[in-house]
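Take a first walk through this structure. Keep the sequence and the 3D view side by side as you read.

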Amino acid sequence: MASDIDDKLHTKVFPLADVRSCLLAELTLLAEAEAQVRGLELPKAPPALLKMAVPLDSLSVVDVLCAVEPVIGFELKDSLVRTGGYASIEAAMDHLLPRLEAVWTKKHGAKS
C-alpha cells in the first residue's frame with residue numbers, strides 16, 4: 001500500500017499552464033510578424049487577438065514547437081502541426097494543446 005502512495009506522489013503531471021503560456025507567447029510573436037508582413041493591424045485585447053484571422057503557416061508553427069520542447073522535456077515531432085497551418089492563434093492552440101498533452105501522457109504514462 002505504501003508503494004501505491006509513493007507511485008502517486010511521483011507521478012508527473014502534464015505542465016498545462018507552462019505549455020499553454022509558452023505556446024501562446026510564441027504563437028503571438030508569430031502572428032505579430034505575419035501581420036506586419038501582411039500590413040494587418042492586430043487588436044490589443046487578448047480575446048480579439050486570439051480569434052483574429054492571421055494565417056500561421058505550418059513550417060513557422062513547427063518552429064514554435066522548438067520553443068515548447070524545453071517545457072515538455074523532449075523533442076516534438078513536426079507531425080503534431082496541421083498541414084497547411086492555422087487561421088488564427090486560437091485555432092493553433094485548440095489543435096496543438098490536446099496533441100501536446102497526448103504525446104506527453106504517452107511518454108510519461110500520466111494524465112493531468
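**Around helix α2**

The buried residues of α2 are covered by elements that include α3 (46–51), α4 and α5. The model is a predicted one. Start with α2 itself. Its buried residues are Val19, Cys22, Leu23, Leu27, Thr28, Leu30, Ala31, Glu34 and Ala35.

Now look along the helix. α2 has 23 residues. From first C-alpha to last, α2 reaches 32 Å, close to the 33 Å expected at 1.5 Å a residue. Just after α2 comes Gly39, with a positive phi of about 75 degrees.

Next, turn to the partner helix. Two packed helices are described by the angle between their axes and the distance between the axes. For α2 and α5, the angle is about 145 degrees and the axes are 10 Å apart. The crossing of α2 past α5 is right-handed. On the α2 side, the contact uses Leu16, Val19, Arg20, Leu23, Leu24, Leu27, Thr28 and Ala31. On the α5 side, it uses Ile89, Ala92, Met93, Leu96, Leu97 and Leu100. Twelve residues of this contact are nonpolar, one is polar and one is charged.

Then step back to the core. Nonpolar side chains in soluble globular proteins tend to be buried together. Here the largest nonpolar core holds 30 residues. Leu23, Leu27, Leu56 and Leu100 have the most contacts inside it. Two or more residues of this core come from each of α2 (16–38), α4 (58–72) and α5 (89–108).

Finish at Leu27. Leaving aside residues up to four places away in sequence, Leu27 touches Leu56, Val61, Val64, Ile89, Ala92 and Met93.

Technical notes
Residues numbered from 1 in each chain as written. Predicted model: local features only at pLDDT ≥ 70, side-chain atom pairs only at ≥ 80, totals over all residues. Heavy atoms only, no water. Core = buried A, V, L, I, M, F, W, Y, C linked by side-chain atoms within 4.5 Å. Buried < 20%, exposed > 50% of the residue type's maximum accessible area, 1.4 Å probe, protein only. Helix = DSSP H or I, 4+ residues; strand = E, 2+ residues; numbered from the N terminus. Contact = heavy atoms within 4.5 Å. Axes fitted to C-alpha atoms, helices over the stretch in contact; angles between N-to-C directions. Left-handed = near helix turned anticlockwise from the far one by under 90°. Nonpolar A, V, L, I, M, F, W, Y, C, P; charged D, E, K, R; others polar. Expected span 1.5 Å × (residues − 1).
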